[in-house]
Amino acid sequence: MGQVRSVPTRISPWFLLLVAVTVVGAVLCAVGTTQALDGSLVLLTTGVVLLVLGGWCVSLCLHEWGHAYSAHRGGDHGIENRGYLTLDIRRYANVGLSFVLPVVFLLLGGIPLPGGAVWVNQWALRSRGVRSFVSLAGPAMNLVIGVLLSVAVAAIPMSQGLAIGLSCLALIQILAFVLNILPVPGLDGYGVIEPYLSPAAQQLGAKVRPWAPLVLFVLVIGVPGVSQALFGVGQFLFGLIGGDSRYAAVGYSLLLFWR
């Protein structure tokens, strides 16, 4: 077995900019708590929007980095040459379709649609188990982020405004995990099981992969029962990890302030 080359440690300034936007949003959430008690929600609302949208873009980068890093460790050493390991938002497919569109959907309907993509040389991966793990690594990042944010809100003393923003972002991470893990061709959940399917099933999956996620997203956005079921599962998992559903609900109302 060849030696795994070292992973580049340079972090893209674009990713750091997204982190900075998230931090600014967090500060505004904390500062806006006092104004909210006085009846003004402008500062708190601005903080929640920046915190959630900035944090969501950061999590999209980390989601794709999870795929890339696990693929790099699993045998695809061309990953580092594609720039995926630098967390550069521009490297993950088309920025408009992969990041702007999911953010728009998040603002319009509160649904965290998957975004971004990394190209992985499946033939370079060492085994079916590695291929499965590479697909799982992305949603796992969302789950870990959701758990860490929920634990932080529960364990660390903070202003109510910051707790509201972080809880909203945590719930969105859990919802993203639930959506991504569905066994639908084109989503990560299907990638987890695909290596173990028969060749005929894999061929069928390849045929429907381009449009299956679109059909799912139309159902989620256009059919109330589907959206409610998704949110129901997400809120159940959110409660299991100790998330504060009241704070998350307030955060959602501030994020979608025009409704």
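Trainee: What should I know before reading the model?

Mentor: The model is predicted, so local features need pLDDT of at least 70 and side-chain atom pairs count only at pLDDT 80 or more, while totals for chains, interfaces and linings use all residues. Residues are numbered from 1 along each chain as its sequence is written, and side-chain values use heavy atoms, with hydrogens and water left out.

Trainee: How many residues does the largest nonpolar core have?

Mentor: In soluble globular proteins, nonpolar side chains tend to be buried together. A nonpolar core is a set of buried Ala, Val, Leu, Ile, Met, Phe, Trp, Tyr and Cys residues joined through side-chain atoms within 4.5 Å. Buried means under 20% relative accessible area, exposed over 50%, and partly exposed in between (1.4 Å probe, protein chains only). Here the largest core has 33 residues, and Val48, Val52, Ile172, Tyr252 and Leu255 have the most contacts inside it.

Trainee: Which helix gives the most to this core?

Mentor: Helices are DSSP runs (H or I, at least four residues), numbered from the N terminus. Those supplying at least two core residues each include α2 (42-74), α4 (128-155) and α5 (160-180). The most come from α5, with 12 residues. A second, separate core has 18 residues, among them Ile89 and Tyr92.

Trainee: At what angle do α2 and α5 pack?

Mentor: Two packed helices are described by the angle between their axes and the distance between the axes. Axes are lines fitted to C-alpha atoms, for helices over the stretch in contact, and angles run from 0 to 180 degrees between N-to-C directions. For α2 and α5 the angle is about 35°, and the axes are 9 Å apart. Contact means heavy atoms within 4.5 Å. On α2 the residues in contact include Val48, Trp56 and His63, and on α5 they include Gly165, Ile172 and Asn180.

Trainee: Is asparagine 142 buried or exposed?

Mentor: Asparagine 142, in helix α4, is buried, with a relative accessible area of 2%. A polar contact is a pair of N or O atoms within 3.5 Å; within protein, one must be able to donate a hydrogen and the other to accept it, and residues adjacent in sequence count only if both atoms are side-chain atoms. The side chains of asparagine 142 and histidine 63 form such a contact at 2.7 Å.

Trainee: Where is threonine 86 placed?

Mentor: Threonine 86 lies in the loop between α2 and α3 (95-109). Threonine 86 is buried, at 9% relative accessible area, and its side chain reaches the backbone oxygen of glycine 83 at 2.9 Å.
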